[in-house]
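Please look over the model below before reading on.

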Amino acid sequence: MSNYHFLESFTFERGLQLKNKIVMSPMTTMASFYNGMVSGDELNYYEARAGGPGMIITAVANVSASGKGFEGELSVESDEMISGLKKLATTLKSKGGKAILQIFHAGRKSNSKILRGEQPVSASAIAAEYPKASEIPRALTEDEIEEIILDFGAAVKRAIIAGFDGVELHGANTYLLQQFYSENANQRTDSWGGSRENRMKFPMAVISEVNQIIDEFANRPFILGYRISPEEIETPGIRLEDSLYFADKIKNHVDYIHLSMGSYKRTSLNDKADIIPILEKFSKVIANEVPLIGVGSVEKPREADEVLEYGADLVAIGRELLREPQWVQKAMAGDEASIRTKISPSDLAELKIPDIMQIYLKAAFNSVMHFTTDTNQVIDYQNEVAPMEGFEKKL
Ligand SMILES: Cc1cc2nc3c(=O)[nH]c(=O)nc-3n(C[C@H](O)[C@H](O)[C@H](O)COP(=O)(O)O)c2cc1C
């Protein structure tokens with residue numbers, strides 16, 4: 001038996017108890033049905049990983065039709081989705097883990113093909129710099145902004161009905177919540193843009209709406225998390241100081257803050273002279289007032305404990321749980337030698353990875369999956385940036 005600290009239980013202030021401090025990081029499967037309903041392939045994939053982590057965060061789900069970001073994406077935009085989401089929550093909770101639904105609106109990180117002919121929307125009519133040739137979105141009207149805030153609330157009500165233990169607002173990876181906070185995407189001149197306070201108005205309004213729905217409809221512990229990308233690389237764009245300020249402002253209104261980074265050891269991308277790990281900086285600002293989830297390239301059990309030493313309360317693991325669904329069980333049993341940190345692309349089916357996800361892991365994630373056939377294995381943690389962090393270009 002091992003005695004790693006991440007194997008200890010954890011209780012959120014709202015009373016939700018986790019059997020350990022490992023969180024399965026949200027990972028899009030691309031395997032939902034055309035309308036966003038959960039598929040059997042996805043249930044099998046989650047079932048294979050449900051026994052280990054204390055908490056599993058689902059692939060991101062869109063709250064509005066205009067917020068769909070990719071094909072095969074999970075949806076929580078209508079009541080029709082509830083039956084599938086019930087199966088998903090039941091599967092995730094079947095072996096004692098807790099189930100969190102990640103929700104978002106993709107904003108300008110979508111295109112008219114995915115939106116069935118509709119133009120993407122955002123804070124302002126400014127195209128994203130990455131990926132190149134992103135479509136120019138239409139700036140949302142104030143009425144539409146209010147509607148999307150209500151959509152987030154309606155999505156949370158559905159998550160409560162479906163049996164989830166909480167929701168995570170995906171405020172990272174350059175999607176709509178982040179677009180409103182970013183001077184790069186938000187150049188509005190009304191009360192939703194301009195000063196830092198005004199740019200925070202949309203995320204704050206969503207948090208407030210969601211908390212109201214939780215207070216009104218959840219009759220069991222139900223938590224609200226918020227995911228943040230610490231920096232943008234565009235100019236203008238969010239700098240570390242802005243996201244630390246943001247974390248400080250939201251910390252008393254959410255149940256946890258979850259960073260989005262490719263390495264838990266990461267230091268500032270924009271200020272190379274700053275050598276303090278970002279995780280430590282957030283931990284200081286948060287000052288134990290709200291739990292903090294660290295993430296990024298955790299593969300070995302020792303590294304998960306190191307994330308806690310950097311100041312996090314919980315440790316999210318993404319890719320390694322794709323490669324090794326039994327990671328927590330093997331760490332608990334002290335069977336570290338059999339933890340797989342590399343896989344062959346031909347192992348993906350046995351690992352219950354949906355067929356379509358296999359294709360996209362091999363295409364878009366090839367260099368960060370540690371396939372045994374990788375030609376250029378990434379070994380430099382500082383530069384290991386998972387594409388889903390919102391950076392499409394290799395730094
Ligand atoms: C295939 C894949 C899909 C992802 N999808 C999402 C997503 O839906 N939402 C999100 O917040 N992050 C997403 N991410 C980012 C992960 O949650 C995580 O932050 C990142 O992979 C770094 O953690 P890791 O090094 O443990 O994989 C995705 C990552 C991968 C590899």
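The model is predicted.

**Pairing of β12**

- Strand β11 (residues 223–228) runs parallel to β12, and 4 bridges join the two.
- Y226 has I257 of β12 as its bridge partner.
- From β11 the chain passes through helix α7 (residues 240–250) to reach β12, in a right-handed β-α-β crossover.
- Strand β13 (residues 292–295) also pairs with β12 in the parallel sense, over 2 bridges.
- Here I257 stands opposite L292 of β13.
- A right-handed β-α-β unit is made by β12, helix α8 (residues 278–286) and β13.
- I257 therefore has a place in both pairings, as bridge partner of Y226 and opposite L292, under the rule that strands pair with at least two bridges between them.

**Helix α12**

- Helix α12 spans residues 355–364, and its buried residues include M357, Q358, Y360 and L361.
- An α-helix has 3.6 residues a turn, so residues three or four places apart point the same way.

**Ligand site**

- The ligand has 21 residues around it, and P26, T28, R227, S297 and R319 come nearest.
- The side chain of R227 places an N or O atom 2.7 Å from an oxygen atom of the ligand.
- A polar backbone atom of G318 lies 2.8 Å from a ligand oxygen atom.
- The ligand taken alone exposes 610 Å², and the protein buries 99% of that.

**N62**

- N62 sits in strand β5 (residues 61–62).
- Is N62 buried or exposed? N62 is buried, because its relative accessible area is 2% and the cut-off for buried is under 20%.
- The N62 side chain reaches the backbone oxygen of S64 at 3.0 Å.
- Beyond its neighbours within four places in sequence, N62 is in contact with G67, K68, E73, L74, S75, V76, E77 and F104.

**K19**

- K19 belongs to the loop between β2 (17–18) and β3 (22–24).
- K19 counts as partly exposed, because its relative accessible area is 33%, which falls between the cut-offs of 20% and 50%.
- Which backbone oxygen lies 2.7 Å from a polar atom of the K19 side chain? The backbone oxygen is that of G51.
- The backbone oxygen of K95 lies 2.9 Å from a polar atom of the K19 side chain.
- Leaving aside neighbours within four places in sequence, K19 is in contact with L7, E8, S9, G51, G52, P53, G54, K95, G96 and G97.
- K19 and G318 are 299 residues apart in sequence, and their C-alpha atoms are 18 Å apart in space.

Terms used:
Residues numbered from 1 in each chain as written. Predicted model: local features only at pLDDT ≥ 70, side-chain atom pairs only at ≥ 80, totals over all residues. Heavy atoms only, no water. Right-handed = clockwise from strand over helix to strand, strands pointing away. Buried < 20%, exposed > 50% of the residue type's maximum accessible area, 1.4 Å probe, protein only. Polar contact = N/O pair within 3.5 Å; in protein donor to acceptor, adjacent residues only side chain to side chain. Contact = heavy atoms within 4.5 Å. Near = heavy atom within 4 Å. Areas by Shrake-Rupley, 256 points an atom, 1.4 Å probe, with all protein chains shown as cover.
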